[in-house]
Amino acid sequence: MMTPSVLISLVFFGIPMLLLVWMSLNNWPLLGNTSFIGLANYAEAMTDEKFHSVVRFTLLFTVIATPVQILSGYLLAMIVRRRARGVGVFRAIYFLPVVVGGAAASYMFVVLIKPGQGLIDQVLQVVGLTDGKTSLLGNFWLSVWVVIGITIWKGVGTTMVILMAAMQSVPEEVYEAAKVDGAGWLQRETRITLPLITQSMALVLLLTITGNMLAFDQFFIITGGGPARSTVTAVFWLYTEAFVRYRMGYGAALAILIVIVLAIASAIQLRVLREK
Amino acid sequence: MSTYTQVRNRLSDSRTRRLITEFGYYGVAVLVAGAFLAPLLWSVVRSFSDPLHGWAPTSRYYDELWTAGRGLGHYAANSLIVAVSTTVLTLLLSTLAGYALARTKFPGQNIVFAAMLLPFMVPYQGIMVPIYTIMAKLGLVNSLVGLVLIYTSFMMPFSIFLMRNSFLAIPGEMEEAAIMDGASMFQMLTRVFLPLVVPGLATVALYAFMYGWSDLLAALIMLNNDRNFTLPLALGGLQQGDYGAIDLGVLEAGAIVSMIPCIVLFLILQRYYIRGIAAGAIKL
């Protein structure tokens with residue numbers, strides 16, 4: 001019964017992992033002969049200023065976006081954790097963007113931020129951030145924040161559902177007792193809820209950080225890496241090197257470096273997850 | 001003041017306060033819901049109105065969709081084939097594997113389970129390069145079959161994990177009763193167990209369908225012939241103006257149309273889904 005799934009995992013994971021290592025040690029164009037070049041691809045990555053700036057941007061995006069995503073997920077979970085009438089509707093609405101598909105959502109937002117036309121551009125005009133004539137994509141920080149906003153809209157539902165399930169398993173009496181003792185809502189959240197949901201918190205953190213470090217769709221479709229290639233993410237760059245310039249060996253080396261960074265990040269967090 | 005009025009005042013006082021908090025709660029919840037729905041609703045309204053003629057109602061953009069490139073129907077059909085095949089294959093493989101891992105004993109079981117979860121640590125973006133090379137060797141580049149196999153393999157760790165947990169949650173007595181009745185292993189799986197893991201199946205199905213329907217990166221890499229394009233690639237064509245002049249209204253209409261199947265599926269499977277993801281996440 002295990003055979004089919006083991007087989008497909010072998011062909012699409014086991015063998016690719018070995019091949020990935022081998023390719024990273026070769027000069028590997030799409031067509032033509034490959035040649036063994038040892039660690040030259042890694043040496044290039046170490047000195048490749050473009051790769052460094054791409055990694056810096058990916059980390060910057062992750063560091064800014066993650067806390068905002070987690071906090072909004074937590075606040076939404078506070079709204080929908082109640083078991084009252086009508087709450088199911090809110091739950092479904094907040095979760096809805098998760099299921100619409102990353103690419104379709106990104107294309108929709110391409111129109112929503114069009115100068116002078118899109119809803120978001122008009123809102124930003126009222127706030128005074130855009131003038132309705134120039135594209136906000138010409139501005140680095142505006143682009144980043146818009147993409148963060150879209151990423152939250154698109155993904156916060158998952159965070160919310162996981163945290164909500166954890167919050168619902170906290171017994172109601174604990175809160176009642178705290179209320180009697182005069183604890184305010186902020187105290188109840190930080191002293192009771194948070195310590196009791198650390199495991200789910202760690203899981204959500206793991207999913208969010210991984211998702212952000214691998215961000216691709218939003219930037220590829222919405223900013224196209226601009227302005228002046230300042231919003232190219234690690235996966236975006238890997239894609240460009242391997243499948244636009246067809247330097248697949250170098251792409252493989254970049255992939256391994258990305259995987260190592262991610263593996264370290266997940267290992268640390270899995271440890272926290274297991275501790276409980 | 002009599003004790004009676006004091007008590008009554010305090011009662012109505014706390015009732016008013018509760019009413020105010022309730023009002024505040026639903027007010028906030030509705031406002032947030034509005035913020036989540038606004039981009040979608042605005043886009044739908046915008047896609048049915050013509051900015052050149054004072055936002056008069058029009059179905060022009062949707063009409064044009066059917067003639068852009070090979071017509072949206074063509075790309076939607078490709079996406080549907082890929083998404084449905086991915087879903088069926090994923091359900092089949094993960095049910096068998098989850099059942100074997102949870103309900104049978106075989107040598108090396110723990111090692112197999114751990115090995116099946118290994119891809120959790122390595123995102124598919126990391127192994128796209130060698131997978132492309134392998135698919136090229138197998139002659140599966142630019143084929144929807146190749147794409148289905150890739151998506152199914154990416155779905156494996158999560159689905160097997162979820163199905164194993166679903167099967168584990170079923171009490172042992174169910175099994176014993178079935179054995180007493182002389183059920184075969186296959187009968188036991190289909191008659192006894194499957195009805196009990198419907199939430200897990202629904203979650204896996206929704207994820208697999210959504211993934212097959214909306215993935216951009218793997219399709220971008222694997223498909224280079226317009227005939228095989230899935231919806232996300234076709235929308236990219238609309239954005240780039242590959243199918244004629246760039247028309248934002250048409251792009252928007254295309255994005256909306258491609259959202260509909262997943263939204264419908266979500267609304268149907270919703271009650272299983274939220275339970276399923278919560279159960280899967282908590283038992284990690």
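Predicted model: local features only at pLDDT ≥ 70, side-chain atom pairs only at ≥ 80, totals over all residues.
Residues are numbered from 1 along each chain as its sequence is written, chains are lettered from A and ligands numbered from 1 in the order in which they are written, and side-chain values use heavy atoms, with hydrogens and water left out.

**Chain A**

Select chain A. Its secondary structure comes to 13 helices and two strands (DSSP runs numbered from the N terminus: helices are H or I with at least four residues, strands E with at least two). Along the principal axes, the C-alpha atoms of chain A fill a box of roughly 75 × 55 × 35 Å. Of the 276 residues in chain A, 55% are buried (under 20% relative accessible area; exposed is over 50% and partly exposed in between, with a 1.4 Å probe and protein chains only).

**Two helices**

Next select α3(A), residues 49-80, and α10(A), residues 198-213. Their axes lie 9 Å apart, and the packing angle is about 140° (axes are lines fitted to C-alpha atoms, for helices over the stretch in contact, and angles run from 0 to 180 degrees between N-to-C directions). α3(A) is therefore oblique to α10(A) (under 35 degrees is roughly parallel, over 145 roughly antiparallel, 65 to 115 roughly perpendicular, and the rest oblique).

**Loops**

Go to A:Pro227, in the loop between α11 (217-223) and α12 (234-244) of chain A. The peptide bond from A:Gly226 to A:Pro227 is cis, with omega near -5°.

Then select A:Tyr246, in the loop between α12 and α13 (248-275) of chain A. A:Tyr246 is not a glycine, yet has a positive phi of about 55°. Its relative accessibility is 37%, so A:Tyr246 counts as partly exposed.

In chain B, select B:Asn142, in the loop between α5 (124-138) and α6 (144-168). B:Asn142, also not a glycine, has a positive phi of about 65°.

**Where both chains meet a pocket**

Finally, select A:Leu75, A:Leu76, A:Met78, A:Ile79 and B:Tyr25, which lie nearest the centre of the second largest pocket among its 41 lining residues. α1(B) gives the largest share of that lining, 12 residues.

Terms used
1 Å grid on protein atoms, 1.4 Å probe; cavity = no way out; pocket = protein on both sides within 12 Å on 5 of 7 lines; lining within 4 Å.
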